[in-house]
Amino acid sequence: MSAKNVKLPEWDLEAIYKSPEEWEKAFEEIRPMTEKFAAFKGRLGESAEVLKEAVEAYLALSRLTEKVYIYAHLTLDQATGVDSSRVRMGKLQSLLAELAPQEAFFTPELLRIPKETMDTFLKDPVLAFCRRFLEEILAERDHVLSEAEEKLLGSYSQVIGLSGNLFDTLNDTDLDFGSIRDGEGKRCKLTHGSYRALMENPDRGTRERTCKKLYKVYRQFRNTFAAALDGTVRRHAVKAKVRNYESALCAALNGDRVPESVYRSLIDAVHGKLPGFYDYMELRKQVMKLEKLDMYDMLNPLLPGCSKTYTFEEAARLVKEAVKPMGEEYGRYLDLAFSQRWIDAPERQGKRSGAFSSGCYDTYPYMLMTFKGTLNDVFTLAHELGHSMHSYYSHLTQPYIYSDYKIFVAEVASTTNEILLFEHLLAQSTDPRFRAYLYAHIADEIRGTIYRQTMFAEFELFMHETVEQGTPLTADLLNKKYYELNKLYYGPAVDPLKEIELEWARIPHFHYNFYVYKYATGMSAALKLAQNLLSGDPAKRDAYLGFLKAGSSKDVLDIMKDAGVDLSTPEPVNAALDYFSRMVGELRKELKICKEI
Ligand SMILES: [Zn+2]
């Protein structure tokens with residue numbers, strides 16, 4: 001039965017505000033609360049008591065603003081075409097922009113309080129509830145400039161981000177990729193949105209044409225893309241230098257208190273396990289019966305036609321069964337996602353595409369997805385429930401101030417759920433084709449998340465080190481390095497087409513700041529934690545639940561260590577890639593049984 005015929009769950013946003021009028025009332029509170037907070041300007045250094053009151057005013061304001069924002073954002077995303085929702089969001093955004101300067105005093109003023117005074121304040125029990133919060137801000141003290149210098153830099157703040165804006169405008173607005181004929185002769189428009197689906201097309205000719213057409217356009221603008229990226233990387237390098245960091249890498253990792261060695265040893269560990277990846281490429285090549293693979297042979301399904309469909313109820317049941325290793329309490333909380341209606345699953349005109357989990361301390365951890373009944377949708381449900389349960393546990397356990405977890409650990413709970421679902425489906429099925437499909441699914445996830453993101457991380461490091469040595473980034477230099485990295489990572493079974501040298505130009509993450517390595521460390525952690533959960537050891541399960549409850553109450557590496565995975569060593573990455581090799585071995589066995597190789 002098609003999932004479309006069955007009524008899919010819609011979320012209960014009235015649990016946030018009963019009506020748009022209730023939202024208006026809360027919205028009206030933002031201005032007076034901002035003024036109340038802003039009244040502390042110039043007073044933070046008076047006493048520990050005054051500082052406590054200022055922090056409380058700040059927290060109350062941010063807690064209210066988050067709730068008001070979540071309602072505006074979720075009502076908009078469920079149907080972006082509705083005028084009243086667009087007006088609501090527009091109104092909120094202009095108010096927040098108007099009020100932002102009034103709140104800006106807090107961090108700079110805090111950092112200017114003399115160290116001795118601050119040390120005395122921090123010993124005062126009235127500040128115990130926010131000591132960690134203040135210390136995180138104060139950790140920046142060695143990297144803050146004089147008041148006049150900060151003011152000068154502040155006045156340049158809008159100019160400083162221009163290279164990223166230039167990239168966005170060029171990439172999202174100005175480029176026109178034209179259209180492409182797919183294998184059935186159907187003409188479809190080539191856009192960033194349709195590119196991925198076209199690269200998953202089983203017809204190899206379609207994929208090749210798509211790839212060549214896309215990069216032809218990037219080649220035309222390669223020098224502009226390189227100049228934008230040069231601007232972004234130079235900004236990171238200059239910022240690190242004027243703020244007294246050893247390097248751009250150190251500056252970027254400092255916020256999470258992650259040492260540089262974690263980043264570099266990730267790259268080394270992946271290099272050490274490249275033969276395992278070459279082996280997977282060799283197997284893909286064999287199944288596809290090709291002399292050599294090309295870069296457009298990565299996203300097409302290895303076994304087309306393995307399409308089971310699921311109703312939403314079946315999907316929910318599978319996920320619930322899969323996460324049983326997390327224990328009875330987790331299962332009970334998970335049921336709330338359905339009984340309290342955290343999920344919006346139907347297809348709808350104007351609904352935001354993709355899937356996400358979103359909420360705040362005073363709302364449910366909502367989820368948006370478009371459920372069409374594919375196996376991928378079942379994995380998406382497991383993934384987003386992982387995010388939402390992480391939020392649920394952290395919100396339940398932590399005070400507001402430490403309830404939000406950091407990006408570094410953000411994908412761990414969601415990926416752990418996906419791995420548990422994979423293991424559960426595998427344990428249930430004896431059909432070799434379906435089992436092969438599952439092994440290929442997990443292998444592709446690890447390929448995309450650990451191998452590919454580490455290749456990105458290595459490229460990012462190359463760009464920053466090049467600029468720090470005084471060499472500007474040109475299109476030729478970037479092309480050359482990017483092509484070499486593809487050759488190195490994909491190995492002898494792959495003969496990359498020349499066009500792939502330009503892929504760097506279209507990756508928005510290269511304009512972030514050493515961000516993508518977190519995908520690789522996050523998935524490595526998740527693989528280890530899923531194995532811990534499956535071992536059935538109650539101590540390991542409790543350690544995992546401790547991670548879900550931790551929010552941002554400790555440093556990220558400490559949270560992960562207490563959960564059972566030490567990311568300060570390369571061991572988890574090595575273990576993840578050994579797991580990958582085992583999965584590829586199992587995939588090969590199943591493919592032999594189905595006579596695909
Ligand atoms: Zn996610």
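Predicted model: local features only at pLDDT ≥ 70, side-chain atom pairs only at ≥ 80, totals over all residues.
Two residues are taken to be in contact when their C-beta atoms, placed from the backbone, lie within 7 Å. Two packed helices are described by the angle between their axes and the distance between the axes.

On the α15 side, the contact residues are Gly276, Asp279, Tyr280, Leu283 and Val287; facing them in α26 are Leu577, Phe580, Ser581, Val584, Leu587, Arg588 and Leu591. An α-helix has 3.6 residues a turn, so residues three or four places apart point the same way. Sorted by class, the contact of α15 with α26 holds 8 nonpolar, 2 polar and 2 charged residues.

Helix α12 (residues 222-242) and helix α21 (residues 432-468) also have axes that come within 9 Å, and here the crossing angle is roughly 65 degrees. That angle makes α12 roughly perpendicular to α21. The crossing of α12 and α21 is right-handed. From α12, Val233, Arg234, His236 and Ala237 take part in the contact, and from α21, Met463, His464, Val467 and Glu468. These residues of α12 and α21 comprise 4 nonpolar, 2 polar and 2 charged.

For helix α10 (residues 192-199) and helix α11 (residues 204-220), the axes come within 9 Å and cross at roughly 145 degrees, and the crossing is left-handed. Tyr195, Leu198 and Met199 of α10 meet Thr206, Arg207, Thr210 and Leu214 of α11. Of the residues in the contact of α10 with α11, 4 are nonpolar, 2 are polar and 1 is charged.

Finally, helix α3 (residues 83-103) can be considered on its own. Within α3, a kink of about 25 degrees lies at Ala97, shortly before the proline Pro101.

Definitions and conventions
Residues numbered from 1 in each chain as written. Axes fitted to C-alpha atoms, helices over the stretch in contact; angles between N-to-C directions. Helix = DSSP H or I, 4+ residues; strand = E, 2+ residues; numbered from the N terminus. Parallel < 35°, antiparallel > 145°, perpendicular 65-115°, else oblique. Left-handed = near helix turned anticlockwise from the far one by under 90°. Nonpolar A, V, L, I, M, F, W, Y, C, P; charged D, E, K, R; others polar. Bend = angle between axes of the 7 residues up to and from the residue.
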